[in-house]
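Have the structure open and follow along.

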Amino acid sequence: KVDEIVPEVVKNVTGRAAATTEGLALAYVSLFLMAVVPIFWGSFRSISYHRSSKENGEAIETMSTKDVYMFPILASSMLFGIYLIVKYLSADHLNLVVASYFFIVGSLALTAILRPVVGMIPGTSLLLEPELYHLKFNKGSNIYLECKFDMLHIVSLGLSAAFGVWYLMKKHWLANNIFGLAFSVNGIEMISLGSVKNGCILLSLLFFYDIFWVFGTEVMVEVAKNLDAPIKVVFPMDFIENGIFGSNFAMLGLGDIVLPGVFIALLLRYDVSKGENSNLYFYSGFLAYILGLGMTIGILTIFNAAQPALLYLVPTCVGIPLLVSLVKGEFSSVLAYDEESKEETPEEKKKE
């Protein structure tokens, strides 16, 4: 019976039948790992990023309450606009523009990931100058662009750009995934929801957003299938037969990784702010994500239809950490946590 169900499941999502049940299982396990690893890694990277940004007086990309309420509206407008282009005009020109854009931002995102790796290569500290370069574009007191970099950044950017050229020329699914994973890690690391309350509101709104665009229309699935850009991670379900040259893909949108991921990273920073050497809320949120993603894959298989992942991820990722806070009697303090607050954390007070 499973062998009969699997081809129908995939046909509903991709329009093509899966090669084997084993191929589908391998694809889902791979997507699962490509989702949970960036969340775990990006969350812990966010601690040092936010700490160093605060120490250096650098601005952090933080969502305000207004941003939270506007996000689903802006996302819907952009999604529907892309759908109209894909549906009624040629998608080729759109894909060309999008590919060029992602070549630039993808190279920058990959540079941020590669820089520490390049620095660990023996001899790089001797061959590359340690001096920090400072690039700034300003007019009077208005600063339009400012960045600091060293030779390790330049070497990493060169490697990333070379990789980006391969992506532009071949559009291979491995290149797509590497760029997508780099976006995910950087997004989870750098974006702040501002407060736990903002995170709960945003994910709750996106719960309905995802349900509408997946169940109520064909828009989400059509855009995901036709937009040739690293806005999703994919894995070939015919990998067992065709290896890296497989072409029958299962997919997971980056939004289903990054959006819950930034909330889980926020929970980790809340844990750190308490100074209790416990990451209880992070692990409750992380395990909740694993549970929600597992439910998504299970329901997809049972009901033979594309599923809005946030339908399952939002109740688990928001509900379980809040339930833990209720049990511990910390519900109010968790919900009130605000990264914009000027109050010192327990760790900072100890240093003084």
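Let's start with F282, which is buried, with a relative accessible area of 0%. Keep in mind that this is a predicted model.

**F44 and F282**
- These two rings pair edge-to-face, sitting 5.2 Å apart centre to centre with 80 degrees between the planes.
- F44 belongs to helix 2 (residues 21–55) and F282 to helix 12 (residues 280–303), so this pair ties together parts that are 238 residues apart in sequence.
- F44 is partly exposed, at a relative accessible area of 29%, whereas F282 is buried at 0%.

**F163 and F179**
- Here's another edge-to-face pair: F163 and F179 are 5.4 Å apart centre to centre, and their planes make an angle of 85 degrees.
- F163 counts as buried because its relative accessible area of 17% falls under the 20% cut-off.
- F179 is buried too, with a relative accessible area of 0%.

**The cluster and a lysine**
- F163 and F179 also belong to one aromatic cluster, together with Y101, F102, W166, Y167 and F183.
- Y167, a member of that cluster, has K171 lying over its face, 5.8 Å from the ring centre.

Methods:
Residues numbered from 1 in each chain as written. Predicted model: local features only at pLDDT ≥ 70, side-chain atom pairs only at ≥ 80, totals over all residues. Heavy atoms only, no water. Phe/Tyr/Trp six-rings, centres within 6.5 Å; stacked < 30°, edge-to-face > 60°. Helix = DSSP H or I, 4+ residues; strand = E, 2+ residues; numbered from the N terminus. Buried < 20%, exposed > 50% of the residue type's maximum accessible area, 1.4 Å probe, protein only. Lys NZ or Arg CZ within 6 Å of the ring centre and 35° of its normal.
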